[in-house]
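Please look through the sequence and the model below before reading on.

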Amino acid sequence: MAVLRKIRPNLHLVIPGVSREQRRLQDFIATMYCPEAFHTCGERFSFGHILGLSDLLVFPAIEDIPVGGLVQGMALGVPVVAADVPAGREWITDEQTGFLCRSGDMHDLAVRIREALEDNVLRQKCVENARAVVRAADIGPKWLDTYDKVLHRAVHAPVRRESLIRLAHWTLTGAAGG
């Protein structure tokens, strides 16, 4: 993250959800070079709402883990940088449907994130191909329609807009914003 922040000072990482390790995660973030770039938001916002505001989904698995979030990102048109583990390779073809990086290699992860953020043509190609792959997969049109509706609500729903604007402000500036 420190390398990426030198290139893009306004880059932030939002970590959704709550776990038993929440306190340890907060302590770990506090020891990092740029703790102000990391934001845990617990369960205040759904994963879909966060994806709706995201420029990129980073999936840095060290071993095979469930890929529901990765597929959600692909379905919503969020570019994905994923670790080159079997579950990631099942959905991501490097530079076709997303960006793969060597598992556990932070330098490679940073390089792939930078590439995904800076190469607009390649990023757009990956987004379009990823959505097509998810649509072609036999996971059910209802599932995809649900995520399309979540994205639409995240962007257009007046009830949630104020909360999302606060999240966007907080994510971009690091300030809670009221």
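## Salt bridges and a cavity

A network of salt bridges links Asp-94, Glu-95, Arg-112 and Glu-115 in this structure, which is a predicted model. Because Arg-112 lies in helix H6 (residues 106–118) while Glu-95 lies in the loop between helix H5 (86–91) and strand S5 (99–101), the pair ties together parts that are 17 residues apart in sequence. Arg-112 also forms a salt bridge with Glu-115, with the closest N and O atoms at 2.9 Å, and these two residues, 3 residues apart in helix H6, are separated by about one helical turn.

Is Arg-112 buried or exposed? With a relative accessibility of 7%, Arg-112 counts as buried, whereas Glu-95 is partly exposed at 29% and Glu-115 is partly exposed at 22%.

The count of salt bridges comes to 9, and one of them joins Asp-84 to Arg-89, whose closest N and O atoms are 2.7 Å apart. Here Asp-84 is partly exposed, at 33% relative accessibility, and Arg-89 is partly exposed as well, at 42%.

Helix H4 (68–76) and helix H7 (120–136) are the elements that give two or more residues to its lining, with H7 providing the largest share, 3 residues. Among the lining residues are Met-74, Val-78, Thr-97, Cys-126 and Ala-130, and by class the lining has 7 nonpolar, 3 polar and no charged residues.

Conventions. Residues numbered from 1 in each chain as written. Predicted model: local features only at pLDDT ≥ 70, side-chain atom pairs only at ≥ 80, totals over all residues. Heavy atoms only, no water. 1 Å grid on protein atoms, 1.4 Å probe; cavity = no way out; pocket = protein on both sides within 12 Å on 5 of 7 lines; lining within 4 Å. Helix = DSSP H or I, 4+ residues; strand = E, 2+ residues; numbered from the N terminus. Nonpolar A, V, L, I, M, F, W, Y, C, P; charged D, E, K, R; others polar. Salt bridge = Lys/Arg side-chain N within 4 Å of Asp/Glu carboxyl O. Buried < 20%, exposed > 50% of the residue type's maximum accessible area, 1.4 Å probe, protein only.
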